[in-house]
Amino acid sequence: MPVYTVSHVQNIRICVVMVGLPARGKSFISQKIVRYSSWLSIKAKSFNVGSYRRQTEEHPDAEFFDSHNEAGMKIRQEAALHAVKDMMTWFNEEQGVVAILDATNSTKERRDWILRLCRENSIEPMFLESWCNDEKIIKKNVLDVKTTSPDYAGQDPDVAAKDFMKRISKYEDVYEPLDEVVSKDLTFVKLINVSQQVIVNKIETYLESRIVYYVMNLHIKPRCIYLSRHGESMYNLEGKIGGDADLSERGFKYAQKLPELVKQLAGEDHKKLTVWTSTLKRTQQTAQHLPYNQLQWKALDELDAGACDGLTYEEIERQFPQDFKERDENKYEYRYRGGESYRDVVIRLEPIIMELERQENILIITHQAVLRCIYAYFMNVPQEESPWMSIPLHTLIKLEPRAYTTLVERLKADIPAVSTYKERGTSQLGEREDAKNKSKHLITGEPVKVKTQVAAANASVN
(Lines give C-alpha, C1' and ligand atoms only; values in the text may rest on other atoms or scores of the structure.)
Protein backbone atom coordinates (compact mmCIF):
# COMPACT_ATOMS: atom_id res chain seq x y z
CA MET A 1 0.00 0.00 0.00
CA PRO A 2 1.26 3.51 -0.76
CA VAL A 3 2.06 5.91 2.04
CA TYR A 4 -0.63 8.26 0.80
CA THR A 5 -3.69 6.28 -0.21
CA VAL A 6 -6.18 7.26 -2.89
CA SER A 7 -8.37 8.82 -0.22
CA HIS A 8 -5.46 11.01 0.84
CA VAL A 9 -4.62 12.32 -2.61
CA GLN A 10 -8.28 12.32 -3.72
CA ASN A 11 -7.35 10.76 -7.08
CA ILE A 12 -5.90 14.12 -8.11
CA ARG A 13 -3.02 14.43 -10.54
CA ILE A 14 -0.87 17.50 -10.07
CA CYS A 15 1.39 19.37 -12.45
CA VAL A 16 3.82 21.64 -10.61
CA VAL A 17 4.63 24.37 -13.13
CA MET A 18 7.94 26.03 -12.31
CA VAL A 19 8.18 29.78 -12.92
CA GLY A 20 11.19 32.06 -12.72
CA LEU A 21 14.27 33.52 -14.33
CA PRO A 22 17.38 31.39 -14.87
CA ALA A 23 19.67 30.93 -11.83
CA ARG A 24 16.77 30.95 -9.38
CA GLY A 25 17.07 27.32 -8.29
CA LYS A 26 14.09 25.96 -10.25
CA SER A 27 15.76 22.69 -11.25
CA PHE A 28 17.09 22.23 -7.73
CA ILE A 29 13.55 22.61 -6.35
CA SER A 30 12.12 20.38 -9.10
CA GLN A 31 14.48 17.53 -8.32
CA LYS A 32 13.91 17.90 -4.59
CA ILE A 33 10.13 17.58 -5.08
CA VAL A 34 10.62 14.45 -7.20
CA ARG A 35 12.96 12.97 -4.62
CA TYR A 36 10.65 13.76 -1.70
CA SER A 37 7.54 12.48 -3.48
CA SER A 38 9.21 9.29 -4.69
CA TRP A 39 10.61 8.64 -1.22
CA LEU A 40 7.03 8.78 0.08
CA SER A 41 5.82 6.35 -2.64
CA ILE A 42 4.12 9.08 -4.67
CA LYS A 43 4.91 8.58 -8.35
CA ALA A 44 6.65 11.74 -9.53
CA LYS A 45 8.76 12.87 -12.46
CA SER A 46 10.35 16.10 -13.67
CA PHE A 47 10.07 17.13 -17.32
CA ASN A 48 12.93 19.47 -18.05
CA VAL A 49 12.26 21.64 -21.10
CA GLY A 50 15.95 22.51 -21.39
CA SER A 51 16.77 18.84 -21.94
CA TYR A 52 14.30 18.70 -24.84
CA ARG A 53 15.71 21.90 -26.32
CA ARG A 54 19.25 20.49 -26.17
CA GLN A 55 18.21 17.71 -28.52
CA THR A 56 18.10 20.39 -31.25
CA GLU A 57 20.31 23.18 -29.89
CA GLU A 58 22.98 21.74 -27.61
CA HIS A 59 25.21 24.74 -26.84
CA PRO A 60 23.29 27.97 -27.55
CA ASP A 61 24.67 31.40 -26.73
CA ALA A 62 22.67 34.16 -25.06
CA GLU A 63 21.34 35.53 -28.38
CA PHE A 64 19.46 32.28 -28.92
CA PHE A 65 17.19 33.25 -26.01
CA ASP A 66 16.33 36.70 -27.33
CA SER A 67 12.55 36.96 -27.69
CA HIS A 68 13.09 38.53 -31.14
CA ASN A 69 15.11 35.54 -32.36
CA GLU A 70 12.42 33.73 -34.37
CA ALA A 71 14.47 30.61 -35.03
CA GLY A 72 15.37 30.32 -31.37
CA MET A 73 11.78 30.91 -30.26
CA LYS A 74 10.55 28.17 -32.58
CA ILE A 75 13.01 25.64 -31.18
CA ARG A 76 12.12 26.59 -27.61
CA GLN A 77 8.39 26.32 -28.29
CA GLU A 78 8.82 22.91 -29.88
CA ALA A 79 10.83 21.77 -26.86
CA ALA A 80 8.01 22.87 -24.56
CA LEU A 81 5.46 21.03 -26.73
CA HIS A 82 7.50 17.82 -26.60
CA ALA A 83 7.93 18.07 -22.83
CA VAL A 84 4.22 18.60 -22.26
CA LYS A 85 3.31 15.78 -24.66
CA ASP A 86 5.61 13.36 -22.83
CA MET A 87 4.20 14.55 -19.52
CA MET A 88 0.63 13.81 -20.62
CA THR A 89 1.68 10.37 -21.86
CA TRP A 90 3.34 9.69 -18.51
CA PHE A 91 0.21 10.68 -16.62
CA ASN A 92 -2.05 8.50 -18.77
CA GLU A 93 0.09 5.44 -19.43
CA GLU A 94 2.19 5.23 -16.27
CA GLN A 95 -0.39 6.49 -13.76
CA GLY A 96 1.76 9.43 -12.73
CA VAL A 97 0.65 11.53 -9.78
CA VAL A 98 3.01 14.54 -9.53
CA ALA A 99 4.72 15.97 -12.62
CA ILE A 100 7.04 18.96 -12.52
CA LEU A 101 7.28 21.04 -15.68
CA ASP A 102 10.75 22.47 -15.20
CA ALA A 103 11.17 25.60 -17.33
CA THR A 104 11.18 29.37 -16.94
CA ASN A 105 7.51 29.67 -18.02
CA SER A 106 8.24 33.35 -17.76
CA THR A 107 5.24 34.85 -19.56
CA LYS A 108 1.55 34.90 -18.74
CA GLU A 109 0.82 33.65 -22.26
CA ARG A 110 2.92 30.51 -21.73
CA ARG A 111 1.34 29.87 -18.32
CA ASP A 112 -2.18 30.31 -19.70
CA TRP A 113 -1.40 27.70 -22.38
CA ILE A 114 -0.20 25.21 -19.75
CA LEU A 115 -3.20 25.99 -17.55
CA ARG A 116 -5.61 25.25 -20.40
CA LEU A 117 -3.90 21.97 -21.32
CA CYS A 118 -3.94 20.80 -17.70
CA ARG A 119 -7.62 21.64 -17.26
CA GLU A 120 -8.53 19.85 -20.50
CA ASN A 121 -6.77 16.71 -19.24
CA SER A 122 -8.14 16.74 -15.65
CA ILE A 123 -4.78 17.66 -14.16
CA GLU A 124 -4.51 20.21 -11.38
CA PRO A 125 -1.92 22.90 -12.21
CA MET A 126 0.06 24.30 -9.31
CA PHE A 127 2.43 27.14 -10.20
CA LEU A 128 5.64 27.44 -8.18
CA GLU A 129 7.64 30.61 -8.73
CA SER A 130 11.15 31.10 -7.44
CA TRP A 131 11.64 34.87 -7.36
CA CYS A 132 14.96 36.26 -6.26
CA ASN A 133 16.76 39.61 -6.16
CA ASP A 134 19.42 38.57 -3.66
CA GLU A 135 22.69 38.96 -5.60
CA LYS A 136 24.55 36.49 -3.36
CA ILE A 137 22.05 33.73 -4.11
CA ILE A 138 22.03 34.54 -7.83
CA LYS A 139 25.83 34.53 -8.05
CA LYS A 140 25.99 31.19 -6.27
CA ASN A 141 23.43 29.72 -8.68
CA VAL A 142 25.31 31.12 -11.68
CA LEU A 143 28.48 29.47 -10.34
CA ASP A 144 26.67 26.12 -10.10
CA VAL A 145 25.19 26.43 -13.58
CA LYS A 146 28.40 27.41 -15.35
CA THR A 147 30.17 24.37 -13.90
CA THR A 148 27.38 21.77 -14.21
CA SER A 149 25.07 22.75 -17.08
CA PRO A 150 25.37 20.70 -20.30
CA ASP A 151 24.89 23.98 -22.15
CA TYR A 152 28.38 25.04 -21.10
CA ALA A 153 30.17 21.70 -21.13
CA GLY A 154 33.81 22.15 -22.11
CA GLN A 155 33.67 25.94 -22.04
CA ASP A 156 35.86 28.31 -20.06
CA PRO A 157 33.95 28.96 -16.78
CA ASP A 158 34.42 32.75 -16.95
CA VAL A 159 33.15 32.88 -20.54
CA ALA A 160 30.22 30.67 -19.56
CA ALA A 161 29.33 32.93 -16.63
CA LYS A 162 29.33 36.06 -18.80
CA ASP A 163 27.15 34.43 -21.44
CA PHE A 164 24.78 33.12 -18.79
CA MET A 165 24.34 36.59 -17.29
CA LYS A 166 23.46 37.87 -20.78
CA ARG A 167 20.95 35.03 -21.10
CA ILE A 168 19.30 36.11 -17.85
CA SER A 169 18.94 39.66 -19.18
CA LYS A 170 17.18 38.31 -22.30
CA TYR A 171 14.60 36.64 -20.08
CA GLU A 172 14.25 39.73 -17.89
CA ASP A 173 13.06 41.66 -20.95
CA VAL A 174 9.86 39.57 -21.16
CA TYR A 175 9.48 38.17 -17.63
CA GLU A 176 6.05 38.51 -16.05
CA PRO A 177 6.11 37.30 -12.43
CA LEU A 178 3.07 35.86 -10.71
CA ASP A 179 0.97 38.60 -9.17
CA GLU A 180 -1.36 38.30 -6.18
CA VAL A 181 -4.00 40.34 -8.01
CA VAL A 182 -3.68 39.23 -11.63
CA SER A 183 -3.01 35.60 -10.64
CA LYS A 184 -5.50 35.46 -7.76
CA ASP A 185 -7.52 32.63 -9.34
CA LEU A 186 -4.48 30.36 -9.75
CA THR A 187 -3.12 27.79 -7.32
CA PHE A 188 0.40 29.03 -6.74
CA VAL A 189 3.32 29.31 -4.35
CA LYS A 190 5.81 32.14 -4.64
CA LEU A 191 9.17 31.65 -2.93
CA ILE A 192 10.93 34.97 -2.44
CA ASN A 193 14.72 34.73 -2.03
CA VAL A 194 14.42 30.97 -1.51
CA SER A 195 12.29 30.96 1.65
CA GLN A 196 12.74 34.44 3.09
CA GLN A 197 9.10 35.06 2.30
CA VAL A 198 6.46 32.67 0.94
CA ILE A 199 3.17 33.63 -0.71
CA VAL A 200 0.60 30.83 -0.92
CA ASN A 201 -2.60 31.16 -2.94
CA LYS A 202 -5.58 28.79 -3.34
CA ILE A 203 -3.91 25.58 -2.14
CA GLU A 204 -6.85 23.20 -2.01
CA THR A 205 -5.75 19.56 -1.80
CA TYR A 206 -3.83 17.54 0.76
CA LEU A 207 -1.06 16.66 -1.67
CA GLU A 208 -0.62 20.28 -2.72
CA SER A 209 -0.31 21.26 0.94
CA ARG A 210 2.39 18.62 1.49
CA ILE A 211 4.40 19.97 -1.45
CA VAL A 212 4.02 23.53 -0.17
CA TYR A 213 5.14 22.57 3.33
CA TYR A 214 8.14 20.76 1.90
CA VAL A 215 9.38 23.57 -0.36
CA MET A 216 8.94 26.06 2.49
CA ASN A 217 11.59 24.10 4.39
CA LEU A 218 14.18 24.11 1.62
CA HIS A 219 17.28 26.26 1.67
CA ILE A 220 20.29 26.37 -0.63
CA LYS A 221 23.00 27.43 1.80
CA PRO A 222 26.15 25.29 1.56
CA ARG A 223 25.97 22.53 4.14
CA CYS A 224 26.97 18.92 4.78
CA ILE A 225 25.26 15.98 6.41
CA TYR A 226 27.39 13.37 8.12
CA LEU A 227 26.13 9.84 8.71
CA SER A 228 27.47 7.05 10.88
CA ARG A 229 26.16 3.86 12.33
CA HIS A 230 26.77 3.30 16.01
CA GLY A 231 29.96 1.45 16.89
CA GLU A 232 29.97 -2.31 16.88
CA SER A 233 27.60 -3.60 19.60
CA MET A 234 27.47 -6.79 21.64
CA TYR A 235 24.40 -7.84 19.64
CA ASN A 236 26.41 -7.31 16.43
CA LEU A 237 29.05 -9.72 17.74
CA GLU A 238 26.36 -12.30 18.49
CA GLY A 239 24.60 -11.82 15.15
CA LYS A 240 21.39 -10.66 16.84
CA ILE A 241 19.06 -7.95 15.50
CA GLY A 242 17.30 -5.16 17.39
CA GLY A 243 17.65 -4.79 21.14
CA ASP A 244 19.35 -2.09 23.16
CA ALA A 245 22.79 -3.61 23.66
CA ASP A 246 25.96 -1.84 24.78
CA LEU A 247 28.89 -1.30 22.46
CA SER A 248 31.56 -3.95 22.19
CA GLU A 249 35.17 -3.20 23.08
CA ARG A 250 35.85 -2.32 19.43
CA GLY A 251 32.68 -0.23 19.36
CA PHE A 252 33.95 1.87 22.26
CA LYS A 253 37.24 2.31 20.41
CA TYR A 254 35.29 3.64 17.40
CA ALA A 255 33.52 6.10 19.71
CA GLN A 256 36.93 7.36 20.89
CA LYS A 257 38.14 7.62 17.29
CA LEU A 258 35.03 9.35 15.93
CA PRO A 259 35.96 12.96 16.94
CA GLU A 260 39.19 12.62 14.98
CA LEU A 261 37.35 11.25 11.93
CA VAL A 262 34.84 14.09 12.07
CA LYS A 263 37.59 16.72 12.17
CA GLN A 264 39.37 15.03 9.28
CA LEU A 265 36.27 14.83 7.08
CA ALA A 266 34.58 18.11 8.09
CA GLY A 267 37.59 20.39 8.40
CA GLU A 268 36.72 23.76 9.95
CA ASP A 269 33.02 22.99 9.58
CA HIS A 270 33.27 20.50 12.45
CA LYS A 271 32.95 23.46 14.86
CA LYS A 272 29.43 24.12 13.57
CA LEU A 273 28.07 20.59 13.93
CA THR A 274 25.02 19.40 15.80
CA VAL A 275 24.77 15.68 16.60
CA TRP A 276 21.54 13.71 16.36
CA THR A 277 21.27 10.24 17.87
CA SER A 278 18.51 7.73 18.46
CA THR A 279 17.23 7.05 21.97
CA LEU A 280 19.07 3.70 22.08
CA LYS A 281 22.20 3.59 24.20
CA ARG A 282 24.56 2.24 21.53
CA THR A 283 24.18 5.46 19.51
CA GLN A 284 24.60 7.65 22.59
CA GLN A 285 27.67 5.68 23.67
CA THR A 286 29.09 6.23 20.17
CA ALA A 287 28.53 10.00 20.49
CA GLN A 288 29.84 10.35 24.04
CA HIS A 289 33.24 11.85 23.09
CA LEU A 290 31.90 14.34 20.53
CA PRO A 291 32.13 17.93 21.86
CA TYR A 292 28.98 19.19 20.12
CA ASN A 293 25.37 19.88 21.01
CA GLN A 294 23.43 16.63 20.90
CA LEU A 295 19.76 15.83 20.38
CA GLN A 296 18.00 12.49 20.76
CA TRP A 297 15.26 11.55 18.30
CA LYS A 298 12.88 8.64 18.85
CA ALA A 299 12.28 8.70 15.09
CA LEU A 300 15.94 7.65 14.59
CA ASP A 301 15.50 4.39 16.53
CA GLU A 302 16.26 1.20 14.61
CA LEU A 303 13.56 -0.62 12.64
CA ASP A 304 11.39 -2.50 15.17
CA ALA A 305 11.85 -6.23 14.61
CA GLY A 306 8.79 -7.09 16.72
CA ALA A 307 8.62 -10.81 17.54
CA CYS A 308 12.08 -11.26 16.00
CA ASP A 309 13.80 -8.74 18.25
CA GLY A 310 16.90 -10.25 19.82
CA LEU A 311 17.05 -13.21 17.44
CA THR A 312 19.71 -14.14 14.90
CA TYR A 313 18.72 -14.59 11.26
CA GLU A 314 19.29 -18.34 11.63
CA GLU A 315 16.79 -18.39 14.51
CA ILE A 316 14.29 -16.33 12.50
CA GLU A 317 14.62 -18.73 9.57
CA ARG A 318 13.90 -21.70 11.87
CA GLN A 319 11.09 -20.14 13.92
CA PHE A 320 9.39 -18.05 11.22
CA PRO A 321 10.31 -19.68 7.87
CA GLN A 322 7.44 -18.11 5.92
CA ASP A 323 8.21 -14.64 7.28
CA PHE A 324 11.89 -15.10 6.46
CA LYS A 325 10.99 -15.96 2.87
CA GLU A 326 8.49 -13.10 2.50
CA ARG A 327 10.99 -10.56 3.79
CA ASP A 328 13.60 -11.66 1.27
CA GLU A 329 11.02 -11.39 -1.52
CA ASN A 330 9.91 -7.85 -0.65
CA LYS A 331 12.14 -6.39 2.02
CA TYR A 332 10.85 -2.82 1.68
CA GLU A 333 7.20 -3.76 2.29
CA TYR A 334 7.61 -6.68 4.72
CA ARG A 335 6.56 -5.83 8.27
CA TYR A 336 7.90 -7.92 11.15
CA ARG A 337 5.23 -9.49 13.34
CA GLY A 338 4.38 -6.79 15.86
CA GLY A 339 7.10 -4.60 14.36
CA GLU A 340 7.88 -2.39 11.37
CA SER A 341 8.70 -2.43 7.69
CA TYR A 342 11.12 -0.16 5.83
CA ARG A 343 8.07 1.73 4.59
CA ASP A 344 7.04 2.34 8.22
CA VAL A 345 10.52 3.70 8.96
CA VAL A 346 10.24 6.12 6.03
CA ILE A 347 6.93 7.45 7.37
CA ARG A 348 8.35 8.16 10.82
CA LEU A 349 11.49 9.69 9.29
CA GLU A 350 9.55 12.36 7.38
CA PRO A 351 9.88 14.95 10.22
CA ILE A 352 13.62 14.19 10.32
CA ILE A 353 13.93 14.88 6.59
CA MET A 354 11.97 18.13 6.93
CA GLU A 355 14.23 19.27 9.74
CA LEU A 356 17.36 18.22 7.84
CA GLU A 357 16.26 20.43 4.93
CA ARG A 358 16.00 23.37 7.32
CA GLN A 359 19.31 22.79 9.09
CA GLU A 360 22.91 23.25 8.01
CA ASN A 361 25.63 20.86 9.28
CA ILE A 362 24.30 17.78 11.07
CA LEU A 363 25.97 14.53 12.18
CA ILE A 364 23.49 11.67 12.51
CA ILE A 365 24.51 8.60 14.50
CA THR A 366 21.89 5.94 14.08
CA HIS A 367 21.20 2.42 12.82
CA GLN A 368 21.58 0.40 9.63
CA ALA A 369 17.95 0.43 8.38
CA VAL A 370 17.44 4.08 9.31
CA LEU A 371 20.64 5.15 7.55
CA ARG A 372 19.59 3.22 4.46
CA CYS A 373 16.35 5.22 4.34
CA ILE A 374 18.07 8.58 4.88
CA TYR A 375 20.79 7.84 2.34
CA ALA A 376 18.15 6.69 -0.17
CA TYR A 377 16.40 10.06 0.16
CA PHE A 378 19.49 12.16 -0.52
CA MET A 379 20.83 9.90 -3.28
CA ASN A 380 17.46 9.12 -4.89
CA VAL A 381 17.92 5.36 -4.50
CA PRO A 382 14.84 3.36 -5.61
CA GLN A 383 12.77 1.97 -2.75
CA GLU A 384 13.23 -1.64 -3.74
CA GLU A 385 17.03 -1.24 -3.68
CA SER A 386 17.38 0.76 -0.46
CA PRO A 387 16.98 -2.15 2.03
CA TRP A 388 19.80 -4.02 0.30
CA MET A 389 22.43 -1.28 0.46
CA SER A 390 25.56 -2.09 2.41
CA ILE A 391 26.41 0.43 5.11
CA PRO A 392 29.30 -1.01 7.12
CA LEU A 393 30.13 -0.32 10.72
CA HIS A 394 32.91 2.10 11.73
CA THR A 395 32.51 4.27 8.61
CA LEU A 396 31.78 8.00 8.52
CA ILE A 397 29.90 9.24 5.43
CA LYS A 398 29.71 12.85 4.26
CA LEU A 399 26.91 14.00 1.96
CA GLU A 400 27.17 17.44 0.37
CA PRO A 401 23.97 18.37 -1.50
CA ARG A 402 24.56 20.61 -4.52
CA ALA A 403 22.15 22.11 -7.04
CA TYR A 404 22.42 19.20 -9.47
CA THR A 405 24.61 16.64 -7.70
CA THR A 406 25.31 15.16 -4.31
CA LEU A 407 28.96 14.77 -3.40
CA VAL A 408 29.82 11.74 -1.28
CA GLU A 409 32.90 11.12 0.82
CA ARG A 410 33.48 8.27 3.23
CA LEU A 411 36.13 7.60 5.82
CA LYS A 412 36.71 4.17 7.32
CA ALA A 413 38.19 3.90 10.80
CA ASP A 414 41.09 1.47 11.14
CA ILE A 415 39.10 -0.46 13.75
CA PRO A 416 37.77 -3.89 12.69
CA ALA A 417 34.07 -4.71 13.01
CA VAL A 418 31.86 -7.61 12.08
CA SER A 419 29.66 -7.45 8.99
CA THR A 420 25.94 -7.20 9.75
CA TYR A 421 24.91 -7.42 6.10
CA LYS A 422 22.62 -10.29 5.11
CA GLU A 423 22.48 -11.30 1.47
CA ARG A 424 19.16 -12.22 -0.10
CA GLY A 425 18.38 -15.93 0.25
CA THR A 426 20.66 -16.72 3.16
CA SER A 427 20.63 -16.39 6.94
CA GLN A 428 24.42 -15.95 7.07
CA LEU A 429 25.98 -12.54 7.65
CA GLY A 430 28.71 -11.09 5.45
CA GLU A 431 29.02 -9.96 1.84
CA ARG A 432 30.26 -11.87 -1.16
CA GLU A 433 32.82 -10.03 -3.27
CA ASP A 434 30.77 -10.50 -6.44
CA ALA A 435 27.74 -8.95 -4.73
CA LYS A 436 29.84 -5.98 -3.66
CA ASN A 437 30.93 -5.36 -7.22
CA LYS A 438 27.37 -5.55 -8.57
CA SER A 439 25.77 -3.11 -6.12
CA LYS A 440 25.05 0.28 -7.65
CA HIS A 441 24.53 1.95 -4.30
CA LEU A 442 27.13 0.19 -2.20
CA ILE A 443 28.61 2.38 0.53
CA THR A 444 31.97 0.78 1.15
CA GLY A 445 34.63 1.76 3.62
CA GLU A 446 38.16 1.97 2.31
CA PRO A 447 41.02 2.66 4.76
CA VAL A 448 41.58 6.07 3.16
CA LYS A 449 39.24 8.92 2.34
CA VAL A 450 37.53 8.44 -1.01
CA LYS A 451 35.46 11.02 -2.84
CA THR A 452 32.82 10.15 -5.42
CA GLN A 453 30.29 12.28 -7.22
CA VAL A 454 26.81 11.03 -7.97
CA ALA A 455 24.61 12.93 -10.43
CA ALA A 456 21.20 13.77 -8.99
CA ALA A 457 19.87 15.64 -11.99
CA ASN A 458 20.92 17.41 -15.15
CA ALA A 459 21.25 21.16 -15.02
CA SER A 460 18.29 22.96 -16.49
CA VAL A 461 18.68 26.09 -18.54
CA ASN A 462 15.95 26.40 -21.13
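Colleague: Is glutamate 232 buried or exposed here?

Modeller: This is a predicted model, and in it glutamate 232 has 1% relative accessibility, which is under the 20% cut-off, so glutamate 232 counts as buried.

Colleague: Where does glutamate 232 sit, and what does it touch?

Modeller: Glutamate 232 lies in the loop between E7 and H9, and once residues up to four places away in sequence are set aside, its contacts include Leu247, Ser248, Arg250, Gly251, Ala417 and Val418.

Colleague: And glycine 231, buried or exposed?

Modeller: Glycine 231 counts as buried because its relative accessibility is 0%. Glycine 231 belongs to the loop that runs between strand E7 (225-229) and helix H9 (234-238), and apart from neighbours within four places in sequence, it is in contact with Asn236, Leu247, Gly251, Tyr254, Thr286, Leu393 and His394.

Colleague: Which residues does UniProt list under "binding site"?

Modeller: The unreviewed UniProt entry gives that feature at Arg229, His230, Gly231, Glu232, Ser233, Met234, Tyr235, Asn236 and Arg282. These positions are spread over 54 residues of sequence, yet they cluster in space, with a largest C-alpha distance of 14.2 Å.

Colleague: Which of that set line the largest cavity?

Modeller: From this set, Arg229, His230, Ser233, Tyr235, Asn236 and Arg282 are part of the lining of the largest cavity.

Colleague: Switching to the whole protein, how many helices and strands are there, and what share of residues is buried?

Modeller: The protein has 16 helices and 13 strands, and 57% of its 462 residues are buried.

Key. Residues numbered from 1 in each chain as written. Predicted model: local features only at pLDDT ≥ 70, side-chain atom pairs only at ≥ 80, totals over all residues. Heavy atoms only, no water. UniProt positions renumbered as here; feature names shortened; annotations may be inferred. 1 Å grid on protein atoms, 1.4 Å probe; cavity = no way out; pocket = protein on both sides within 12 Å on 5 of 7 lines; lining within 4 Å. Helix = DSSP H or I, 4+ residues; strand = E, 2+ residues; numbered from the N terminus. Buried < 20%, exposed > 50% of the residue type's maximum accessible area, 1.4 Å probe, protein only. Contact = heavy atoms within 4.5 Å.
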